[in-house]
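Hi there,

Here is the structure I promised to send over. Have a look at it first, and my notes follow just below.

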Amino acid sequence: MSDDGHEQNGQERVPSRQRRRFPGISSRAYEHPADRSALVALRRLSGFDTVFKALSGLLPERSLRLLFLSDSVRVSDQQFSHLNDMLRDACYILDLEKVPPMYVTQDPQPNAMCIGLDEPIIVVTMGLVELLDEEEMRAVVGHEVGHALSGHAVYRTILLFLTNLALKVAWIPLGNLAILAIVTALREWFRKSELSADRAGLLVGQDLRASMRGLMKIAGGNHLHEMNVDAFLQQAEEYEAGGDLRDSVLKILNVLPRSHPFTTVRAAELKKWAESRDYQRIMDGHYPRRTEDKDTSVGDSFKESAASYADDVKGSKDPLMKLVSDIAGGAGGLGGRVRRGFDGFTSAPPPKDAPPRDTPPQDDEA
């Protein structure tokens, strides 16, 4: 079959408008470096898939599948056909051979997920379907297909299981701490995997403004006429650069229990990637193929991940990240800067003629 058509389930499907297709694309093409390094390492572990499939008896996957089959609406040509077309288009564009089952569930909260160990399934809530327009929804469907192509569904299922397990054993101090440590690490990885899937959604929709609108609606609701994409992105910049070291610590504490990055941060990260050379190369047809996945070096992937984190720290406007960058660069007077950071961090050192500050300044009385 040529690029003008694609055989899936006995029917020829093409995108509803002209979009670029990526035959044989590897998920490495769009994965965030931290996400990619973890996945490459896991894929190279001998017997990894066997171990996790053996766990399927302990995980609630069968129960979830039966639940969605019995109490949700399965997307097909007869039910939510427009979503079915989007799903087929997304699989066509990312060259995912087997179209995963997709369900719509009655939940007013806008949400979507891709779960499953043996085979991924995609679930979207009615709240999300009613919130987004066609192009915005297309990016979300592409996001979930990106999860499926990367194999994220396996780890998401395990994360759900461990999170529930942590709640059940909360009364066991050491057991709970051990599970929480694993859950915290999985959440950090999963937040990066969400950035990867956002990129996959953009590759499917190929409409950055629609991706931005969708994220903005998820954050603020359906009153699009009251919102502005540029102002929304400005929020992300203010969030990153604002405050002092105390705010930096609060940011970390706020994000730790989350499986997704904050929505403004996701929008800013996606826009940055869309303007990068990597994205343009993919759109020009230059991207890694799945046939090359087995030859991928774990060491090189970890180096890319470390370099990405280093670049993030170096380019960050966050007060704590600035401090970390200065420590790495051997900047002097860091003790005083840390002290000032909790009283209003500034990147500039005090004037040479400024009097010493052995004690914190006292607030003026009213």
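At the start of helix H9 in this predicted model, a side-chain oxygen of aspartate 207 comes to within 3.3 Å of the backbone nitrogen of arginine 209. H9 itself covers residues 208–220, 13 residues in total. From first C-alpha to last, H9 reaches 18 Å, close to the 18 Å expected at 1.5 Å a residue. Just after H9, glycine 221 adopts a positive phi of about 95°.

Next, the sheet. Four strands make up an open sheet with mixed pairing, in the order S3-S4-S6-S5. Strand S3 (73–74) and strand S5 (112–115) are at the edges; each has a single partner strand, so one side of each has no neighbour in the sheet. The pairing of S3 with strand S4 (residues 102–105) is antiparallel and runs over two bridges. Within that pair, valine 73 sits opposite valine 104 in S4.

Last, a spot on the surface. Val249, Leu250, Ile252, Leu253 and Leu256 form a nonpolar patch there, with about 400 Å² of accessible area together. One of them, leucine 256, belongs to the loop between helix H11 (245–255) and helix H12 (263–274). Is leucine 256 buried, partly exposed or exposed? Its relative accessibility is 34%, so leucine 256 counts as partly exposed, since that class lies between the 20% and 50% cut-offs.

Best wishes

Conventions:
Residues numbered from 1 in each chain as written. Predicted model: local features only at pLDDT ≥ 70, side-chain atom pairs only at ≥ 80, totals over all residues. Heavy atoms only, no water. Patch = residues over 30% accessible without salt bridge, like charges linked within 9 Å, V, L, I, M, F, W, Y side chains within 5 Å. Areas by Shrake-Rupley, 256 points an atom, 1.4 Å probe, with all protein chains shown as cover. Salt bridge = Lys/Arg side-chain N within 4 Å of Asp/Glu carboxyl O. Buried < 20%, exposed > 50% of the residue type's maximum accessible area, 1.4 Å probe, protein only. Expected span 1.5 Å × (residues − 1). Polar contact = N/O pair within 3.5 Å; in protein donor to acceptor, adjacent residues only side chain to side chain. Pairing = 2+ DSSP bridges.
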